[in-house]
Every structure is written in structure tokens, then in C-alpha cells.
Number of protein chains: 2
Amino acid sequence: MSHTHSLDALIQALRRLPGVGAKSAARMAFHLLQHDRAGARQLAQALEQAVDQVRHCARCHTFTEASVCATCLDARRDGTRLCVVETPADQSAMERTGAFHGLYFVLMGRLSPLDGVGPRDIGVQALLERACDGVVQEVILATGFTAEGEATAHVVGEALRARGLRVTRLARGVPVGSELEYVDLGTIAHALADRR
Amino acid sequence: MSHTHSLDALIQALRRLPGVGAKSAARMAFHLLQHDRAGARQLAQALEQAVDQVRHCARCHTFTEASVCATCLDARRDGTRLCVVETPADQSAMERTGAFHGLYFVLMGRLSPLDGVGPRDIGVQALLERACDGVVQEVILATGFTAEGEATAHVVGEALRARGLRVTRLARGVPVGSELEYVDLGTIAHALADRR
């Protein structure tokens with residue numbers, strides 16, 4: 001079935017979004033053209049504006065429109081603690097806990113040798129320079145507890161320790177609200193080893 | 001967590017896509033800005049171009065960039081048979097069978113009283129005018145076999161029969177390749193009633 005050229009081009013472009021296959025892309029294009037052309041225009045403008053405006057914070061590498069992000073510029077935050085996270089979404093989760101008042105470094109990724117993502121791609125060198133500003137006393141590694149997140153924490157932690165910095169890792173353990181019976185055994189073993 | 005304004009605007013705009021929630025939208029925005037800015041620009045341009053160029057065929061209502069679509073203009077097709085489908089995707093499925101050589105009318109939706117979609121929204125009046133062109137001899141209702149698709153077929157079929165047109169419906173029955181044991185009972189009952 002030949003759709004029109006513009007429609008085919010839109011479906012192809014939508015397929016570049018993560019998690020969107022051929023059928024989803026066609027459904028999205030159909031929905032926008034049939035029911036929400038204003039939404040389509042708004043999305044087009046938001047894409048252009050974000051690509052034009054959004055860059056990385058010179059200090060923490062998260063997305064920002066200024067040269068340094070609002071969090072890094074916030075004088076009320078504790079500059080002696082630096083939390084290393086994989087993504088802005090992880091940073092957002094950490095912020096929502098309300099339990100951390102230091103600063104961040106956002107790797108914008110994680111080590112993934114199989115996907116060709118090495119230390120240079122996640123800005124390890126920039127992190128080392130950032131952490132050695134003379135103010136940071138503790139670096140908290142808050143990468144994920146997946147295989148790739150753990151590998152990232154290991155590599156980053158070794159490099160930071162070699163510079164004489166104090167490095168900590170988020171505690172592994174039983175999630176709040178869980179019954180032990182339903183927690184996986186690896187987590188229970190870690191929680192036992194890290195008991196306090 | 002306050003992202004930047006442009007990033008928040010992009011996430012909100014992505015949420016207007018069907019099936020995309022807050023986390024998916026953030027993941028899409030992150031992916032585009034971090035790994036595929038060229039894809040973001042391409043998507044923006046494809047959206048603008050599709051909204052500017054794509055309209056509905058004056059004869060069959062499907063998406064087209066001309067006033068009448070290529071299928072309706074194709075002189076080799078059999079104008080005596082008109083197949084009514086819900087969406088361009090359904091039309092595409094019908095075309096891929098290679099078993100239909102007539103023309104189409106695309107409702108661009110289906111009756112859905114709960115969602116406020118009535119006969120006017122799916123162009124029943126336009127279909128009646130199209131079907132009464134003096135050439136069409138048979139209208140084949142190929143709306144879905146869902147509750148809404150069946151209701152649509154019923155309403156459209158009644159209106160067409162009232163104009164004296166011959167109206168048929170796709171056969172209900174056991175899907176090709178199925179073992180009876182695994183086919184739902186409603187389908188088997190219909191296949192029995194429509195045996196040939």
C-alpha cells in the first residue's frame with residue numbers, strides 16, 4: 001500500500017523514537033493527522049526549539065539552556081557532596097526523595113561495551129576534573145543496580161579513589177514495603193552482608 | 001525536578017502521541033537530545049510537512065496530497081465494488097491480500113457513542129453520496145469485527161440498503177491456520193452458521 005510521500009516520511013521519522021515500531025508509528029501518524037494537527041505542529045515546534053536550545057551544563061552535564069544549570073548555580077546546595085547518576089531521569093528521582101542536598105554529575109549514559117559505550121562516551125575525564133575541584137569531599141555513586149550500572153560504578157569509583165577522593169555507593173537492600181518472601185535472593189544476600 | 005523549559009515542553013508535546021505516557025515521553029526526549037538530534041529535526045520537518053500537505057481524498061476520504069488519491073484515479077480498478085474500511089491501515093491490509101480490485105471508502109474512524117463519535121464524524125453522508133454514483137453495484141463492509149466495528153457496519157449497511165444498494169460483509173469464520181480446539185466458541189458458532 002502506498003501512502004502519500006509525506007505520510008510515509010512521517011511514519012519513518014516516528015520510527016526513530018525509542019520503542020516505536022512500524023505499527024505504532026503508523027498509528028501515531030494517523031492519530032496526529034486525523035485528530036490532532038495542532039498537537040503535531042506543537043510537537044514539531046517543541047522538537048526544533050529543544051534541539052536549538054538544549055545543551056549540556058558545563059559543570060554537571062545535565063540538560064540545560066544556560067551554560068550552567070540552575071542546580072549547579074544554587075548556592076544553598078552542599079558542594080562537598082557530589083552524586084553521580086546515569087540520566088536526568090535518575091537525577092529527578094533522587095531529587096524527589098528530598099534526602100540529598102548536594103550537587104550532581106550526570107553521566108548521560110552508562111558503560112556498555114557491547115553497545116560500544118566506553119569511559120570517554122560517559123565523560124569520566126570530565127567527572128574526574130569536576131570532582132577534583134577542591135570542594136567535593138565525597139562522591140556518591142548512584143548509577144543503577146543493573147550489570148551495566150554496577151560496571152560503571154566500579155570503573156568510575158576506581159578512578160575517583162585513585163585521585164584520593166572518598167567514594168560511596170547507594171546501599172543495596174530490601175526495598176521499603178517488601179515482604180522477604182517475595183524479594184529475590186540476591187537482594188536478600190546483599191542486605192544481609194550490608195546489615196547495620 | 002525542573003528540567004529546562006524547552007525539555008519540559010518537548011516531553012509534554014510527546015505525551016500527545018497515542019500510547020505515550022510521562023516516562024516514555026521523557027525517555028524519547030532524552031534519546032533524541034542525547035543521541036539523535038538529526039532524527040529530532042527530521043521528525044519536526046516531517047510533522048510540519050505532513051500537516052501542511054496531507055489532506056483527505058475527495059472520493060474515498062483516505063489521506064492523500066492530491067485532491068483525489070492514486071487508488072481512486074486508477075482506471076484499472078473495478079468501480080462497481082466499493083469496500084468500506086475504518087482506517088488507511090485497514091485499507092492497506094486489504095490491499096496486501098491482493099484479492100480485492102475495487103475501490104475504497106475510508107471512514108477514518110468508527111462509530112463510538114461512548115467517545116462521542118457519531119455517524120456524522122465518520123462521514124456516513126459522504127459515503128452514501130459516493131456509493132450512489134450509479135457505478136457502484138456492491139458495497140463490501142470491511143469494518144472490524146469488534147463491537148464498535150460491528151455497530152458501524154450495521155448502521156452504514158442499513159443506510160446503504162435503504163438506498164437500494166447491494167451490501168455484503170466480510171465473512172466471519174475460523175482464521176486460516178487455526179486448530180478448532182484453540183478458536184473461541186463465538187467464532188466457531190459463526191463459522192457454523194455461515195457454512196458453505
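Student: What is the strand order in the open sheet of chain A?
Tutor: The order is β4-β3-β5-β6 in chain A, four strands with parallel pairing. Keep in mind that this is a predicted model.

Student: Which strands are the edges?
Tutor: In chain A, β4 and β6 (166–169) are the edge strands. Each pairs on one side only.

Student: And what does the twist average from one strand to the next?
Tutor: The average is 25 degrees.

Student: Let's take β4(A). How many bridges pair β3 with it?
Tutor: Five bridges, in the parallel sense, link β4(A) to strand β3 (residues 78–85) of chain A. Within this pair, A:Cys83 stands opposite A:Tyr104 of β4(A).

Student: β4 is an edge strand. How many of its residues are buried in chain A?
Tutor: Five of the five, across residues 102–106. So strand β4 of chain A is largely enclosed by the rest of the structure.

Student: Which strands does helix α7 of chain A touch?
Tutor: Helix α7 (residues 147–162) of chain A touches β5 and β6 of chain A as it packs on the sheet. Its direction makes about 165 degrees with that of β6(A).

Student: Where do the side chains point in a regular strand?
Tutor: They alternate between the two faces of the sheet.

Student: New topic: cysteines. How many disulfides are there over all chains?
Tutor: The count is zero.

Student: Is A:Cys60 buried or exposed?
Tutor: A:Cys60 is buried, because its relative accessibility is 1% and the limit for buried is under 20%.

Student: Where does A:Cys72 sit?
Tutor: A:Cys72 is in helix α4 (residues 70–73) of chain A. With 9% relative accessibility, A:Cys72 counts as buried too.

Student: What does A:Cys72 touch beyond residues up to four places away in sequence?
Tutor: A:Cys57, A:Arg59, A:Cys60 and A:Leu103.

Student: And how far is A:Cys72 from A:Gly186?
Tutor: They are 36 Å apart in space, C-alpha to C-alpha, and 114 residues apart in sequence.

Student: Last topic: the two chains. What rotation superposes chain A on chain B?
Tutor: A rotation of 180 degrees, with 0.0 Å of shift along its axis and an RMSD of 0.1 Å. The two copies are thus related as by a two-fold rotation axis.

Student: Which residue of chain A comes closest to the rotation axis?
Tutor: A:Ala44, with its C-alpha at 2.0 Å.

Student: And through what surface do the copies meet?
Tutor: Through the same surface, because 100% of the interface residues of chain A are also interface residues in chain B.

Terms used:
Residues numbered from 1 in each chain as written. Chains lettered and ligands numbered in written order. Predicted model: local features only at pLDDT ≥ 70, side-chain atom pairs only at ≥ 80, totals over all residues. Heavy atoms only, no water. Disulfide = S-S within 2.5 Å. Buried < 20%, exposed > 50% of the residue type's maximum accessible area, 1.4 Å probe, protein only. Least-squares fit on C-alpha atoms with pLDDT ≥ 70 in both. Contact = heavy atoms within 4.5 Å. Helix = DSSP H or I, 4+ residues; strand = E, 2+ residues; numbered from the N terminus. Pairing = 2+ DSSP bridges. Axes fitted to C-alpha atoms, helices over the stretch in contact; angles between N-to-C directions.
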